Amino acid sequence: MTLDSDAASDIADSPPSRRRIQTTSLAQEAYEVLQRMIVRGELAPGERIAEPALCEQLGISRTPLREALRMLASDGLIATRRNRNAVVTLIDPRELEHLFEVEAGIESLAVSLAAQRMTNTELKQLETLQERLEKLHAKGDRDGYFALNQRIHALLVAGAKNPVLEETHRRLLGRLERARYLALDRIGRWQESTDEHRAILEALKARDGERARRLLIDHVQHTGESITQINRD
């Protein structure tokens, strides 16, 4: 049993103090809510995970919560400690450098293949999403922009029509989500990122895989550089 789309939307839109899991004892839903809270800084790096308070806040028992925490630990978002509260992990600059290198490799390969394999219908869908992304940027809707940006990156990889590549990317994206959200804090990165997405789309529409590959590498590198600058500041 899973949440329907309306229930999931209600959770996403509720303030942190009022979020409650709408079904009984489901670790996946708890995982998704907690992941969102960590990515958006509602559970800050270094913060202890107070299990009783979270059980009360989400309306669940400790069993699904602890399963959710195990999932978060596998994503590198929390660290579990014997006989002590888990904590939200700090952002490790060196690890992020390695992760962004891998992301650049995966996504650049994906778009070089997608330039030849995406259908015209898929390209039109991507263009529609790009237009929505630009509108969200203009409105200053950071959360909406971020969610759509994640979806666009997933669609770019899906366009390669390679299930192994897609699954590898899906696992990686979860580990990078917090850093990607943080990158939007850097002044000018929103506009820069939006323009880079537009350029990648135009390369795909032209079926120019090599240009799309180079643009995607630059895009990922710029995001990584934004994180590095934020950490320095």
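The second largest cavity is lined by L126, Q130, I152, L156, H197, I200, L201 and L204. A cavity here is a set of points, on a 1 Å grid over the protein atoms alone, where a 1.4 Å probe fits but cannot get out, and lining residues have an atom within 4 Å of a point. The space in there is about 60 Å³, where a volume is the space filled by probe spheres set on the points, with grid points joined across faces, edges and corners. Helices α6 (120-139), α7 and α9 each supply at least two of the lining residues, and α9 gives the most, with four. By helix I mean a DSSP run of H or I with at least four residues, and by strand a run of E with at least two, numbered from the N terminus. By class, that lining has six nonpolar, two polar and no charged residues. Nonpolar covers Ala, Val, Leu, Ile, Met, Phe, Trp, Tyr, Cys and Pro; charged is Asp, Glu, Lys and Arg; the others, Gly among them, are polar.

Quick word on what you're looking at. This is a predicted model, so local features need pLDDT of at least 70 and side-chain atom pairs count only at pLDDT 80 or more, while totals for chains, interfaces and linings use all residues. Residues are numbered from 1 along each chain as its sequence is written, and side-chain values use heavy atoms, with hydrogens and water left out.

Among the residues lining it are Y145, F146, N149, H153, R180, H197 and H219. The elements giving two or more residues to that lining are α7 (142-158), α8 (163-183), α9 (189-205) and α10, and the largest share, four residues, comes from α7. This lining has four nonpolar, six polar and two charged residues.

While we're on α9, have a look at A199, which lies in that helix. A199 and L216 are 17 residues apart in sequence, and their C-alpha atoms are 9.2 Å apart in space.

Now the pockets. A pocket is an open set of points with protein on both sides within 12 Å along at least five of seven lines. Of its twelve lining residues, E97, F100, G224, E225 and T228 are the closest to its centre. Both α5 and α10 (209-232) supply at least two residues of the lining, with α10 giving the most, seven. The split by class is five nonpolar, four polar and three charged.

So, on to α5 itself, residues 93-117. At 1.5 Å a residue, times one less than the number of residues, its 25 residues should span 36 Å, and the end C-alpha atoms are 35 Å apart, which agrees. Its buried residues include L96, L99, F100 and E103. At its start, a side-chain oxygen of D92 comes within 3.0 Å of the backbone nitrogen of R94.

Last stop, the strands. β1 (residues 78-81) and β2 (residues 84-88) run antiparallel, joined by three bridges; strands pair if DSSP finds at least two bridges between them. R81 has R84 in β2 as its bridge partner. The two strands form a hairpin with two residues between them, and N83 in the turn has a positive phi of about 60°.

Note on methods:
Buried means under 20% relative accessible area, exposed over 50%, partly exposed in between (1.4 Å probe, protein chains only). A polar contact is a pair of N or O atoms within 3.5 Å; within protein, one must be able to donate a hydrogen and the other to accept it, and residues adjacent in sequence count only if both atoms are side-chain atoms.
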